[in-house]
Every structure is written in structure tokens, then in C-alpha cells.
Amino acid sequence: MAQTKTRQRIKIRELIKTAGPKHAISITQFEDKKLLDAIFATAAEFKAMPAERYPKLLRDKIVATLFFEPSTRTRLSFETAVQRLGGQIISVENAGESSSKVKGESLEDTIRTLNGYADAIVIRHPEVGSAQTAADVATVPIINGGDGAGDHPTQALLDLFTIQEAKGKIDELTIGLAGDALNSRSFHSLLELLSLYDVKVYCMAPKVLQLPKDYQAELRKRGLNFELRENWNDVIGGLDVLYTNRIQQERFASPAEYEKVKGSFVLTKKDLVKAKKDTIIMNPLPRINEITIEIDDDPRAIYFEQARNGLFVRMALLQYIFE
Ligand code: NCD
């Protein structure tokens, strides 16, 4: 199952290289440090700017947000970003239940329809490859807000921006990712992006939730220096970045399977005693049980700032897509 998904992901990567409009389907489209630097510089400008000075770059533009899976940050930060830049939003927030999908409409037909209304479509969907399916039938840009256990490119962009902002660099950092490496699309996209840099990565997950094998092979091919671990005991003290993500309950075949692993990698104050004074603690959120709330007041915990950065990075991405 996991291997099929990975192969599908690799195929998607090949496809998007020839894509027409400026889609954001996979993070591999952003594997150009000059492009990343430009997006991050714009995001930093937006962050420093009072809201009344934001340029109305999206005046006359309508962006559709089509979400078949729950979302708080991705959808609302995109919708805020569009409106801050003078554009307007049409939104289907619970598309699995409130769009014509209920009547049996295909994703392709829903996209063909929205394509006639909106100037760009942000989509989140439970199937790996769904954003590419959308891009195949769209003439407007498609932005992947998460395709199942596949990719989450805009999350990786805001994560990298946050790391750079907090640490002043990416190269030479030691970065630990802990949680559900099999299903976390945030991990998948961030790992690919990190393979552009000279970093050391520890991918820490319960054995049954480790990165799919062929996916690991691809990261090795890309030259990412990474090791797999089943716990963080001997690693946590050397990390510059500790990035955790919840065990992705909705991807499990049964509640019993989830119960077996739901207590893995729960970060407590006790664990942090071993961490460096300047280790940053990140999480794409939502946080379930993987970071105890006592950690929220620790100055190293930057996950809510990370979520806030999502707004500025998505504004910068919209500027890039529409310029
Ligand atoms: C992530 C997602 O949806 O993949 N959340 C987000 O977009 N901020 C992470 C998660 O749901 O665990």
C-alpha cells in the first residue's frame, strides 16, 4: 500500500515538470534556491509590513478553496492571504459532504466547473495524487493543500521559512522529525525540500510508521544525509530543530491499529532537559498529544509562530503564482 503510494508520488513528480500554469502540486517544483530565497524574502517583507500597506496584487482575482478534509490553518491562512492581497474567496470547506461529490460527481468534473469561476484553486483531498488529477484538467493554477498521505508543499515552504528565520540558516543544521513518517505529508514534503541543503536529518518513528522504503531510496538518491531511529533518546541532545507531527489517525485501517501507536513520541518537559538551549520545537499543528501543553511557554516552542508564518509565506506564494 505504502509502496504504491510512493511510486505514484514519484510519477507525479515527473508529470509536474511539464506542467503549464504555475501550479504548486509538489515541493519538487520549488527545488531552486533562488526561487525559495525570493519567496522567503517576499514573505519576510509581508511579515514586517503593516496590513494597510499590503499591495492589492489580487484585485479582481477570485481564489477557490476546495477542502475534502478538515483544515484550520491551511484553508484559513490561504483565505486570509487572498483577502489581504485584495482578492476574493469562494470556498467549499467540507467538500466531501457539501459539494456535488455527494451526488457522485468526479473530482475532475468539480475542478472543470470551478476552473470556470476562479483564477486559482487550493485543494485538499484524501487521495495521494489528487492535486495532480486536478491540475491535469485545470487551466488555472492548482495549489495542493495536502493530498492524503502524499505531499503538503506549502507546509514545507512555511516550515523552511520558519527554520531559516529562527536559526538564520539551513545548512549545517541537525534536524529531527518525530512521529508518523509513513503518513505525515508534512514530513514528506519537508524531507524533500531539506534534500537541497547540507543538513543532517534524523527521521524518528515507530517501526510500523517509518518512511516507506522506496521513498527512503529516493531521498538517498537526492543526497539527503538521514538516519532512521525508533526513539529520540540518543539524538535529542544534538538537535537544532525538533519537528514533531501527530500520528495520523485518519490514515489507519482500524482504531485498534491506531491505539497501538498513539502514545509514541510524546514530548514532555523531561525530554527537553536533554535538548540544547536553542533547539527550536516545531509542529505543523494540530497538536494532539505529541507535545504536552506545559511546553507551550518554553521559548524554544515556536509552533504557533510557525502557523502564523503560513500566512506570510502563502501571501508570497500567491504573489509568485499571479505575477
Ligand atoms: C497538517 C496536515 O493537514 O497535513 N496540518 C496542517 O496543514 N497544518 C498536519 C496534520 O494534520 O497533522
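In the contact between helices α5 and α6, Leu-107, Glu-108, Ile-111 and Arg-112 of α5 meet Ser-130, Thr-133, Ala-134 and Val-137 of α6. Sorted by class, the residues of this contact are four nonpolar, two polar and two charged. The structure is a predicted model, and what follows describes that model. Helix α5 covers residues 107-115 and helix α6 covers residues 130-137, and the two pack at an angle of about 50° with their axes 9 Å apart. That angle makes α5 oblique to α6, and the crossing in which α5 passes α6 is right-handed.

### Contacts of helix α12

Helix α12, residues 303-322, also packs with helix α3, residues 73-84, and the axes of these two helices come within 8 Å and cross at roughly 50°. Helices α3 and α12 are therefore oblique to each other, and α3 passes α12 in a right-handed crossing. From α3 the contact draws on Arg-73, Thr-74, Ser-77, Phe-78, Thr-80, Ala-81, Val-82 and Arg-84, while α12 contributes Ala-307, Gly-310, Leu-311, Arg-314, Met-315, Leu-317 and Leu-318. The contact of α3 with α12 has eight nonpolar, four polar and three charged residues.

Helix α2 packs with α12 as well: the axes of α2 and α12 come within 8 Å and cross at roughly 115°, and α2 passes α12 in a right-handed crossing. On the α2 side the contact is made by Leu-35, Ile-39, Thr-42, Ala-43, Phe-46 and Lys-47, and on the α12 side by Glu-305, Arg-308, Asn-309, Phe-312, Val-313, Met-315, Ala-316, Gln-319 and Tyr-320. The residues of this contact divide into nine nonpolar, three polar and three charged. Met-315 of α12 takes part in the contact with α3 and in the contact with α2.

| Helix pair | Axes | Crossing angle |
|---|---|---|
| α3 and α12 | within 8 Å | roughly 50° |
| α5 and α6 | 9 Å apart | about 50° |
| α2 and α12 | within 8 Å | roughly 115° |

### Cavity and pocket

Rolling a probe the size of a water molecule over the atoms shows where empty space is left. For this model the count comes to one cavity of 30 Å³ or more, and the largest cavity has a volume of about 30 Å³. The lining of the largest cavity consists of Arg-73, Gln-155, Leu-158, Pro-284, Gln-306, Ala-307, Gly-310 and Arg-314. Helix α7, residues 153-167, and helix α12 each supply at least two residues of that lining, and the largest share, four residues, comes from α12. By class, the lining of the largest cavity has three nonpolar, three polar and two charged residues. Arg-73, Ala-307, Gly-310 and Arg-314, which are among the lining residues of the largest cavity, are also among the residues in the contact of α3 with α12.

The second largest pocket holds about 320 Å³ of space. It is lined by 19 residues, of which Arg-124, Arg-185, Arg-246, Leu-285 and Pro-286 are the closest to its centre. Helix α3 and helix α8, residues 185-194, each supply at least two residues of the lining of the second largest pocket, and the lining divides into four nonpolar, nine polar and six charged residues.

### Backbone geometry

Most residues other than glycine have a negative phi, and most peptide bonds are trans. In this model, however, a cis peptide bond joins Leu-285 and Pro-286, with omega about 10°. Pro-286 lies in the loop between β9, residues 280-282, and α12, and both Leu-285 and Pro-286 are among the residues closest to the centre of the second largest pocket. Asp-60, although not a glycine, has a positive phi of about 70°, and Asp-60 is placed in the loop between α2, residues 33-48, and β1, residues 62-67.

Note on methods
Residues are numbered from 1 along each chain as its sequence is written. This is a predicted model: local features need pLDDT of at least 70, side-chain atom pairs count only at pLDDT 80 or more; totals for chains, interfaces and linings use all residues. Side-chain values use heavy atoms; hydrogens and water are left out. Axes are lines fitted to C-alpha atoms, for helices over the stretch in contact, and angles run from 0 to 180 degrees between N-to-C directions. Angles under 35 degrees count as roughly parallel, over 145 as roughly antiparallel, 65 to 115 as roughly perpendicular and the rest as oblique. A crossing is left-handed if the near helix is turned anticlockwise from the far one by less than a right angle, and right-handed if clockwise. Contact means heavy atoms within 4.5 Å. Ala, Val, Leu, Ile, Met, Phe, Trp, Tyr, Cys and Pro count as nonpolar, Asp, Glu, Lys and Arg as charged, and the others, Gly among them, as polar. On a 1 Å grid over the protein atoms alone, a cavity is a set of points where a 1.4 Å probe fits but cannot get out, and a pocket is an open set with protein on both sides within 12 Å along at least five of seven lines; lining residues have an atom within 4 Å of a point. Grid points are joined across faces, edges and corners, and a volume is the space filled by probe spheres set on the points.
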